[in-house]
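Dear colleague,

Please find below the structure that I am handing over to you. My notes on it follow directly after.

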Amino acid sequence: MRRLHPDPIDLDDDGALDAAMRAPRRHDDGRPWVFGNMVSSLDGAISVDGVSGGLGGEGDRRLFDAIRAQADVVLVGAATVRVEEYGAPGDDEALVARRTANGVANVMRVAIVTRSLDLDLDGELFARPTSRPLVITVASSDDDRRARVAARADVIVAGDDHVDLRRALDELRARGLTRVLSEGGPRLNGQLFEDDLLDELNLTLSPHLAGGDGPTMVSTPTAGLRPFTRHHVLSHGDELFLRYLRDRVT
């Protein structure tokens, strides 16, 4: 792994890569810093045969681990949890030491956004968790289903019929979770776009054309421009890793 911009340097070990990713993630008002991580083909596809794994190579996997090692909590839509078969976050000794050096909790938490509460409660994420998951839902969700989920996870009700992500982020902050990593999918990214909540985007550009008519990174009927500033560019082989920070008027 090599940083191309700014200040070219090799990032051959995890400590050097973590240091390169450890930019300040704080807001003056204390609200969570929301940073996204996505992979895209050259023609804008974010999945092949329904999953993203085929797009990323060795460098993307290294960066995926480095970005997760900076996060208090991963925010993810329920459909992505099902399709990508999310498991429990890692808690091995080396990862705990890495996270400690990055100033986050020993074990990352996972927060799932779902109105329907259509979740596999017998899956590893819920049945054998290394940290208790959070489930963000709405007041109109089924009461019995919500009670069953609450036996396996911390349930956050944010909104009546539609998830209010601003309220959800406030609830995460109240739990001390201030570095929020969004891993999509497109509908969750669309909500973050609509509410202008994304502070940072880490984008892996995969050296492939994918074709097809699958989803792109953001799914929303809302159109508009959100300006971002390039923070750095990394490379590994033919993969490029672009990190952008949201331009905000202060």
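**Notes on the model**

Just after helix 8, aspartate 196 takes a positive phi of about 50°; helices (H or I, at least four residues) and strands (E, at least two) are DSSP runs, numbered from the N terminus. This is a predicted model, in which local features need pLDDT of at least 70 and side-chain atom pairs count only at pLDDT 80 or more, while totals for chains, interfaces and linings use all residues. Residues are numbered from 1 along each chain as its sequence is written, and side-chain values use heavy atoms, with hydrogens and water left out.

**Helix 8**

Helix 8 covers residues 186-194 and contains proline 186. Its buried residues (under 20% relative accessible area with a 1.4 Å probe, protein chains only; exposed is over 50% and partly exposed in between) are Pro186, Leu188, Asn189, Gly190, Leu192 and Phe193. These buried residues pack against strand 3, strand 4, strand 5, helix 7 (165-174) and strand 8. Beyond four places in sequence, proline 186 touches Ile46, Pro215, Thr216, Met217, Val218 and Ser219, where contact means heavy atoms within 4.5 Å. From proline 186 to serine 219 the C-alpha distance is 4.9 Å, although 33 residues separate the two in sequence.

Eleven strands form an open sheet of mixed pairing, in the order 2-1-10-11-9-3-8-4-5-6-7; two strands pair if DSSP finds at least two bridges between them. At the edges are strand 2 (9-10) and strand 7 (154-157), each of which pairs on one side only. Helix 1 (residues 14-21) packs on the sheet, where it touches strand 1 (2-5), strand 9, strand 10 (228-236) and strand 11 (239-246), and its direction makes about 165° with that of strand 10. Helix 6 (residues 143-150) also packs on the sheet, touching strand 6 (134-137) and strand 7, with about 140° between its direction and that of strand 7. For these angles, axes are lines fitted to C-alpha atoms, for helices over the stretch in contact, and angles run from 0 to 180 degrees between N-to-C directions.

Strand 3 (residues 33-40) pairs in the parallel sense with strand 9 (residues 200-205) over six bridges, and valine 39 stands opposite threonine 204 there. Strand 3 also runs parallel to strand 8, to which four bridges join it; in this pair, valine 34 faces valine 180. Strand 8 is joined in parallel to strand 4 by three bridges, with serine 182 as the bridge partner of leucine 75. In a regular strand the side chains alternate between the two faces of the sheet. In strand 8 (residues 179-182), Arg179 and Leu181 point one way and Val180 and Ser182 the other, and all are buried.

**Cores and rings**

A nonpolar core is a set of buried Ala, Val, Leu, Ile, Met, Phe, Trp, Tyr and Cys residues joined through side-chain atoms within 4.5 Å. The largest has 30 residues, with Leu17, Ile112 and Phe126 making the most contacts inside it. A second, separate core of 26 residues includes Met38, Ala111, Val163 and Leu201. Leaving aside neighbours within four places in sequence, the contacts of isoleucine 112 include Val76, Val81, Leu125, Phe126 and Ile136.

Arginine 226 lies over the face of phenylalanine 193, at 4.5 Å from the ring centre. The criterion is NZ of Lys or CZ of Arg within 6 Å of the ring centre and within 35 degrees of the ring normal.

Yours sincerely
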